[in-house]
Every structure is written in C-alpha cells, then in structure tokens.
Amino acid sequence: MRKFVYQFSEGSKEMKHLLGGKGANLAEMTNIGLPVPPGFIISTAACNDYTDSNKHLSEDIFEEVKIHLAELEKQTGKIFGLAENPLLVSVRSGAPFSMPGMMDTVLNLGLNDATTNGLADLTNDQRSAFDSYRRFIQMFGDVVFEIPSYQFEQALSRIKKANHYQSDTELTTTDLTDLIAAYKQIFQQATGEAFPQDPLKQLKLAIIAVFKSWMNHRAVVYRRLHDIDASYGTAVNIQSMVFGNTGETSGTGITFTRNPSTGEKGVFGEFLLNAQGEDVVAGIRTPEPIATLKERMPTVYNELITICTLLENHYLDMQDIEFTIEKEKLYVLQTRNGKRTAKAAIQIAVDFVHEGKITKEEALIRIETKQLHQLLHPAFLESALKKAEIVAHGLPASPGAATGHIYFEAKDAVQAAERGISVILVRNETSPEDIEGMAKSTAILTAQGGMTSHAAVVARGMGKCCIAGCSDLTISQQEKTITLSTGEILQEGAALSLDGSTGNVYLGKVEQTEASIGGHFDELMAWADTEKQLAIRVNADTPADFQKALLFGAEGIGLCRTEHMFFDEKRILFVRQMILAESLTERETVLASLKEMQKEDFRALFRMADGRSVNIRLLDPPLHEFLPKSSQEIEQLANDMHKTVSQVKKRVQELAEANPMLGHRGCRLAITFPEIYRMQAEAIIESAITVYDEGIKVHPEIMIPLIATKNELSFIKKEIKQAIHTIFDRERVILPYDIGTMIEIPRACITADEIAEEAQFFSFGTNDLTQLTYGFSRDDATKFLADYYQHNILSKDPFMTIDKTGVGALVEMAVTRGRMTHANLKMGVCGEHGGDPESIQFFHQLGLSYVSCSPYRVPIARLAAAQAALNHKKQLAIQ
Ligand code: PEP
Ligand code: MG
C-alpha cells in the first residue's frame with residue numbers, strides 16, 4: 001500500500017514536495033537535534049488523493065494517521081482523548097512553497113469538556129486549560145465550519161468590557177468558563193450541531209479543512225499572484241502541542257535571523273508573553289521586541305540566538321523562526337527562508353557572499369527579479385515632508401512611499417482600484433481574505449499587529465508600502481471612518497500619504513520623488529553584468545527617459561519610437577498637419593518644421609549616448625492615435641492649416657480606418673509618402689554629424705517598422721540611402737550607420753532569410769508579433785483574457801510573457817533564417833517582453849544580442865539576463 005503519513009524523523013529538508021515546506025523543515029530540525037515537539041506529516045500526495053477522489057478523505061489514509069497518532073502517544077507519554085493525561089495536537093497546513101497566512105491552522109486539538117478538566121488537574125492550572133479550550137473552539141469553528149471570527153470576538157469583548165479589562169490575560173477562570181459556554185452556543189447556532197467532543201472526529205474534520213483550504217479563494221488568488229502550481233497540494237502537520245499561554249514564564253514569538261526590511265545583521269523579531277502562536281501572527285495584541293526577552297529570560301534568549309545562528313548556517317539563508325516557550329523551556333515550531341524586501345534580499349545575499357557562505361552566482365540566482373520593483377519606487381520629497389502634517393505613527397512594516405484614498409473593505413478597495421483610484425486599504429488588522437484588496441491597493445494601513453503580522457508579511461512580499469500597528473488611529477470598519485487622535489474624522493475616500501520606511505502617516509497627498517537605489521545594489525548589479533550575455537538597452541523616446549535608464553545601467557537605446565516624440569501638445573499639431581496634408585508641397589512644409597524638432601531631440605540622445613548604440617525607429621503612427629477627435633482640435637487644425645472646418649472633417653473621414661492597427665502605418669505610410677522617412681533619415685544623419693563634430697562617437701541604427709516583405713524594405717532603403725548620401729556629399733563626411741528592420745509581422749519571420757538580405761539588423765517587435773500571431777487586439781484583449789485564465793485556456797497574458805510555443809517559435813524561425821543569410825546578424829527584442837524575466841530567459845537561449853525595455857525595468861532585465869546565463873550554464877553542466 002502507498003505510504004501517505006511520515007514521522008518527523010523520516011523526512012528531511014529535501015522532501016518539500018512530498019512533506020510541504022513546513023513539514024520538511026520540522027523533519028530536518030528534528031534530525032539535527034533541535035527542540036521540536038514531536039509529530040508527523042500527512043503528505044501532499046494525500047491532499048491530491050483527497051481532491052482526486054471527489055473531496056473524500058480515504059479510510060486507509062485515516063487509518064495510517066491513527067497508527068502515527070499511537071506512535072506520537074508513545075513518544076509523548078500522553079493519550080489522545082484521555083481525560084487524565086490528554087495528548088493535544090496542532091494541525092497545520094504546509095504547502096511546498098511558503099504561502100503565509102493562506103492556509104488554515106488549528107491549535108489545541110483534542111480538547112473537549114473532559115480533557116480540559118483533566119489538563120487543568122494535571123497542570124494544576126485551570127486558567128490555562130480553559131483558555132486553551134476557548135481558543136480551540138474559536139479556531140475550530142472558524143477554520144472547519146467557517147463561522148466568522150468576529151462572532152467569537154464580540155463575545156470576548158463583551159466580557160472584557162463588562163469587567164473593564166484591557167487585555168485577554170486578565171480573564172479569570174470564571175470568565176473563561178462563561179466564554180466557553182458562549183462559544184459553544186455560537187458554534188451550535190452556526191452549525192446546528194453541538195461542539196464535537198470526540199477528538200478523532202475533531203482530527204478528521206481538521207485534516208479535511210486543511211485539504212479544502214488549498215482550493216479556497218484566497219489560496220487560489222495567492223497562487224496566481226506568485227505563480228504557484230495548483231497541482232502541488234498541501235501537506236498537514238500534526239504536532240504535539242506546547243503551551244505558550246501558561247503564565248509569565250511562557251510565551252510565543254517569531255524571529256528572523258536578519259532584519260527582513262533592511263537586511264541588517266542581527267536577530268529581529270517579537271514575542272508575546274503568556275500567549276499562543278496565532279496571537280503574534282494575527283496581530284490581535286501588539287508584541288514586544290525580541291531584545292526584551294534577553295531581560296526577561298536570558299537563558300532562553302541565549303538558546304534562541306544559538307539556534308538562530310545554527311539554522312541560518314544550516315540553511316545558508318536568512319530564517320524566519322517560530323518558537324514557543326513553555327515554562328522557560330524553548331521549542332522551535334517552524335523555520336523557513338524568511339520573506340524579505342528587495343533591499344533586504346540584496347543586502348543579505350551580498351553579505352552572505354562577503355561572509356563566504358554563498359557564491360556570487362548563488363547570490364544572483366537568489367534575488368527575485370520582480371522584487372527589484374520595490375527599490376525603484378518613489379519616496380516623498382524632503383521639502384514636501386517638511387510641510388506635511390503627521391497625523392499618526394505606526395510600525396514601518398514595508399518600505400516605500402504611497403499616496404492614496406482610504407477604503408476599509410477589501411472588496412471596496414478592489415472596486416475603487418478598478419476605477420483607477422489609488423487606494424490605501426485601511427483595516428484594524430488584515431486577514432488572508434483581504435489578499436485581493438491588498439494586491440490591488442497602493443498601500444496598507446492597519447491599527448493593530450506587529451512587524452510580523454499578516455499585513456506586514458504579505459505587504460512586504462508584494463513590495464507594497466505598509467504601516468502596521470498604527471494604534472494612534474481609531475478605525476471603525478463598520479462606519480468606514482478613521483478617527484484621528486485630534487478627534488477629526490476621516491471618511492472613506494479621504495486622502496492620506498504613508499511612509500512605509502518611517503511609519504509616518506500624513507494627511508492629504510504629499511509630493512513624491514523618484515526612487516533611489518544604493519547600498520549593495522551596485523555591487524550585485526556589477527556581478528550580474530559580468531555573468532549576462534545579453535546587452536540591456538532601453539526603450540526611450542526622450543532624453544529624460546534615457547537619462548534615467550543610463551542611471552539604471554542601460555547600455556544604449558534599443559527603440560526610440562519617433563512618433564512618441566510628437567506626443568507633446570504643441571508638436572502633435574504638426575504631426576496632424578502632416579497626416580492631413582493633401583499635397584506634397586503642403587506635406588514638405590510641415591516636414592521641415594518637424595525635422596528641426598527631431599534634430600534637437602536626436603542631438604540630445606546622441607550626446608547622452610556618448611558612443612552607445614542608439615536605435616531610432618522611423619515613424620509608425622497608428623492613425624487613430626494621431627487624428628484630431630474633438631471639435632476644438634479640428635477647429636484649431638483648420639485654423640493652422642488655413643482650411644475650413646468641413647475640409648478638415650472631410651479629410652479626417654477619408655483617412656479613418658476600420659482597423660487602424662492593421663492599417664496605413666509604419667513602412668506602409670512611407671511607401672505612400674516616402675518624403676516622411678527621407679526627412680527622418682536626414683534629421684538623424686545631420687544630428688549625428690553635428691555630434692560627431694563635437695568629438696562624440698556616433699553610429700545610428702535606423703529602423704524600419706512593420707516590414708512584411710523584402711521589397712518593402714528595399715524600396716524604403718533606397719529612398720533613405722539616397723537622402724543620406726546626399727548629405728554626406730554636401731557635408732563632405734561619411735559616418736557609419738546601419739539600416740535594419742523590426743520583425744513584428746509573422747510573414748517577416750517566415751521570410752526572414754530574404755529580408756536579411758536588405759537588413760543590417762533585426763529587432764523583434766513582439767507586441768505586434770503577438771497581436772498578429774494570436775489575432776488578439778493589443779488594445780482590447782484584456783477584456784476577454786480573464787475568461788481565458790478562468791477556463792485554463794491561457795495561464796498568462798501573452799503580451800506580458802512571450803508565448804514560447806507560438807510567437808516564440810516564429811521568433812526562433814526568424815533567428816535561424818536570418819542567420820542563414822548573415823551568420824552574425826545583430827538581433828534584439830524591443831517589444832514589452834524585453835523587460836519580462838521569463839521571456840528574457842527565452843531570448844538568451846536564442847542567442848540574441850540584446851533586449852530593450854522601459855527604463856524602470858532595466859535593472860530587472862540585467863538581473864534576469866544574468867540569471868538566464870547562469871541557468872543555461874547549469875543546464876549545460878548537467879548534460
Ligand atoms: C512592437 O510591436 O513590439 C513594438 C516594439 O512596436 P510598437 O509597440 O511601437 O508597435
Ligand atoms: Mg510594433
């Protein structure tokens with residue numbers, strides 16, 4: 001028979017897929033002799049068996065559980081369900097990849113009326129026993145029967161209020177007895193059944209609940225956000241309980257071996273005295289910093305520090321460790337690689353290299369490329385901060401600056417974000433149900449909870465600004481208001497600004513600055529640059545964008561969309577005039593003005609490039625983006641062109657297209673009006689000569705868009721070469737330049753060998769190539785792609801990540817055919833995929849020369865290109 005259940009001693013850290021991350025690490029810690037309460041693991045295979053057999057937990061698996069339970073009884077000397085000496089267990093989920101807060105946990109399982117009394121007698125501590133029982137009823141009710149926890153919280157609040165208690169620890173045994181009765185009643189009302197007294201029934205229901213939670217909405221959303229495969233399933237960890245709620249010499253906490261926000265060395269964490277695990281994570285009480293444990297229980301603190309060092313050295317990564325102290329005895333309940341901000345990830349990886357723990361290659365592989373976005377976020381302008389009013393201060397849970405409008409419910413936040421509003425999600429504390437709202441919000445603000453609360457951990461993972469534990473504020477979820485300490489009330493929609501690095505909350509909107517990157521970032525990036533084989537260029541249309549990209553490490557311009565140079569309010573008028581011109585003379589007059597504008601820009605770009613490659617794409621304006629729309633625009637144009645409004649309207653109608661994306665754009669426009677590209681080529685070459693005369697190296701790449709046939713390219717090339725050579729002759733100078741083409745039409749891929757006869761380079765326009773290969777409109781596909789994801793027809797947006805089997809195959813075909821004509825043909829990518837790590841991996845494998853992406857994605861692309869090269873090296877080593 002197949003084995004589904006494993007003792008901790010049977011596993012190891014390598015068995016994450018079978019035992020889940022938590023289980024594999026519990027097994028590993030058991031085997032290296034750390035104080036782990038004994039237990040066993042029901043494997044992920046059992047979860048898949050449950051899902052595959054129509055959500056039925058097989059009797060065979062449960063029988064196997066019972067065998068391991070008997071073993072646990074032997075190990076602990078306690079008996080499950082025996083009043084005189086009860087074994088209590090925790091039941092926790094554990095997916096192969098960390099999903100914090102996503103899955104459900106039940107503690108104190110095995111308690112019932114009889115075992116609670118038995119435990120009280122045994123420990124001589126009635127209060128702790130009753131406290132554990134009431135927690136169990138609430139958790140079990142919540143997790144297994146989905147009874148909203150606020151119902152339990154209300155009953156608790158009533159008793160606390162009636163007795164004027166500040167904290168749960170003030171509850172007396174009598175209070176707890178009343179609370180247990182109230183909780184049982186809530187349970188009975190919600191489920192129609194009495195609270196189950198049979199521990200085996202409790203266990204079975206809890207295991208099923210964990211398996212079920214693998215497919216709950218928040219888990220599904222989390223997996224989608226983090227690209228985790230649903231077929232993994234979750235394991236279930238059953239572990240004998242230790243009690244952190246047995247008085248002032250007990251407690252529970254979470255510690256990171258390094259600071260997860262900054263990456264600084266030294267343990268970083270918090271704990272709560274006289275409490276159980278979930279209290280810290282749920283953020284119901286605000287915990288104390290770990291340093292105070294040193295004063296309260298120095299021996300335990302020292303032992304904890306030793307364990308932290310040991311685990312970090314064992315796993316060779318920063319660890320996130322959960323511990324419980326029961327009457328001054330320390331137990332480790334979990335260790336895992338800690339979630340961290342991008343800043344911390346870089347700091348830790350580079351420090352580990354300096355400490356000789358890992359190689360530079362390993363450091364590069366460890367950084368999640370997408371996380372780098374966090375470093376590139378804006379901060380508040382110093383001068384604006386001086387004037388801004390701080391209305392509250394909380395814990396700086398996740399760095400970054402954010403400005404937005406407050407919403408109190410996750411669903412309201414989602415709706416507002418979908419209306420284009422920048423949202424700050426405000427909650428007393430977040431729970432996994434809020435995940436979608438958090439994902440759609442710009443920032444998160446909570447009144448309760450510490451640095452390791454759900455809000456803090458999840459926000460950090462998402463790279464979102466978060467302030468937690470902001471108790472200066474009174475948040476009413478019901479009224480949807482925040483009451484400031486001054487008494488001022490903020491309603492839903494009010495604007496706030498949050499600084500996730502200081503914990504300051506400001507009223508209104510505070511002006512922001514660009515992100516700044518520093519610290520170990522440059523060192524890591526320098527390592528990336530030595531590994532990567534792809535050059536990283538930028539898609540920049542303005543000197544300002546290029547400037548930014550150079551700071552981020554761009555090695556040149558891979559795409560300058562010249563039509564974008566005319567988006568400026570004043571310039572667009574000239575483009576419209578050019579499009580609407582009815583004669584060559586009329587068009588040439590406008591082109592002369594446009595040429596001067598282009599020259600000014602090109603000179604600036606060439607100077608800034610200082611010898612780096614600059615690829616300028618000749619005009620590709622989809623007509624609908626440039627034609628005048630409002631009557632005001634038409635009137636102004638008529639005025640400028642000395643025409644009547646009806647003449648302009650008539651011309652606009654003549655030019656209107658049913659499918660502008662498939663219309664008279666790119667090279668097609670230049671086949672009808674060659675003077676347009678001639679003017680642009682002249683502008684490029686004349687600017688290049690000016691800059692060359694200033695002593696700067698220039699070698700422009702002139703790129704023709706939307707080529708489908710060799711003949712189109714030959715026609716245009718002849719026109720522009722003539723114009724260029726006329727300038728060389730006039731100026732008595734010759735400069736190097738290349739003429740190449742975008743490859744963005746499937747026909748161009750298929751006939752790439754022919755096209756290469758006329759091209760000095762190829763640049764893959766994977767945006768149009770995706771549009772034309774799928775036949776999905778670039779502008780409208782998002783409207784229906786959600787349905788494709790829902791039905792598993794597509795798992796990813798093909799406009800974001802290259803569709804390797806379809807669009808990618810066409811790229812590969814073009815690469816091969818292009819090289820058949822010119823073995824060393826320069827080839828790069830300038831579509832959006834040039835900044836997407838997964839696509840970059842693919843382009844590396846095709847042996848392209850470069851990828852080009854938007855300025856903020858340049859560092860991501862540098863790292864992704866290095867990772868692609870390292871992964872490739874690894875693959876070759878295996879073969
Ligand atoms: C492309 O199609 O991939 C491309 C870069 O050009 P554009 O996005 O300007 O159409
Ligand atoms: Mg294109």
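**Metal site, ligand shell and cores of the predicted model**

Both Glu744 and Asp768 are buried (buried: under 20% relative accessible area; exposed: over 50%; partly exposed: in between; 1.4 Å probe, protein chains only). The structure is a predicted model, in which local features need pLDDT of at least 70 and side-chain atom pairs count only at pLDDT 80 or more, while totals for chains, interfaces and linings use all residues. Residues are numbered from 1 along each chain as its sequence is written, chains are lettered from A and ligands numbered from 1 in the order in which they are written, and side-chain values use heavy atoms, with hydrogens and water left out.

The magnesium ion (ligand 2) is coordinated by Glu744 (OE) and Asp768 (OD), at 2.0 to 2.1 Å. This pair links distant parts of the chain, 24 residues apart: Glu744 is in the loop between β28 (738-743) and α29 (746-750), and Asp768 is in helix α31 (residues 766-774). Donors are N, O and S atoms within 2.8 Å of the metal (3.2 Å for Na, K and Ca); water is not among the atoms, so sites may look incomplete. Helices (H or I, at least four residues) and strands (E, at least two) are DSSP runs, numbered from the N terminus.

Around ligand 1 there are 13 residues, of which Arg561, Gly765, Asn767, Asp768 and Arg778 come nearest (near: a heavy atom within 4 Å of the molecule or strand). Helix α31 contributes three residues, the largest share of this shell, and β25 (556-561) and α31 each supply at least two. Oxygen atoms of ligand 1 lie 3.0 Å from a side-chain N or O atom of Glu744, 3.1 Å from a backbone N or O atom of Thr766 and 2.8 Å from a side-chain N or O atom of Arg778. Taken alone, ligand 1 exposes 280 Å², and the protein buries 95% of that (Shrake-Rupley method, 1.4 Å probe; for residues, only the protein chains shown count as cover).

The largest nonpolar core has 129 residues, and Ile704, Phe762 and Phe764 touch the most other members. Helix α27 (residues 674-693) gives the most to this core, with 10 residues. Apart from it lies another core, of 81 residues, among them Val143, Val144, Ile147 and Ala417. A nonpolar core is a set of buried Ala, Val, Leu, Ile, Met, Phe, Trp, Tyr and Cys residues joined through side-chain atoms within 4.5 Å. Leaving aside neighbours within four places in sequence, Phe762 is in contact with residues including Thr741, Ile743, Ala752, Ala814, Leu825 and Met827 (contact: heavy atoms within 4.5 Å).

Glu758 is found in the loop between α30 (752-755) and β29 (761-764). With neighbours within four places in sequence left aside, Glu758 is in contact with Lys710, Leu713, Ser714, Lys717 and Ile739. The side chains of Glu758 and Ser714 make a polar contact (3.3 Å). A polar contact is a pair of N or O atoms within 3.5 Å; within protein, one must be able to donate a hydrogen and the other to accept it, and residues adjacent in sequence count only if both atoms are side-chain atoms.

In helix α4 (residues 113-123), Thr115, Thr116, Gly118, Leu119 and Ala120 are buried. The buried residues of α4 pack against α5 (126-145). Asn112 caps the N-terminal end of α4, with a side-chain oxygen 3.1 Å from the backbone nitrogen of Ala114. Just after α4, Asn124 takes a positive phi of about 55 degrees.
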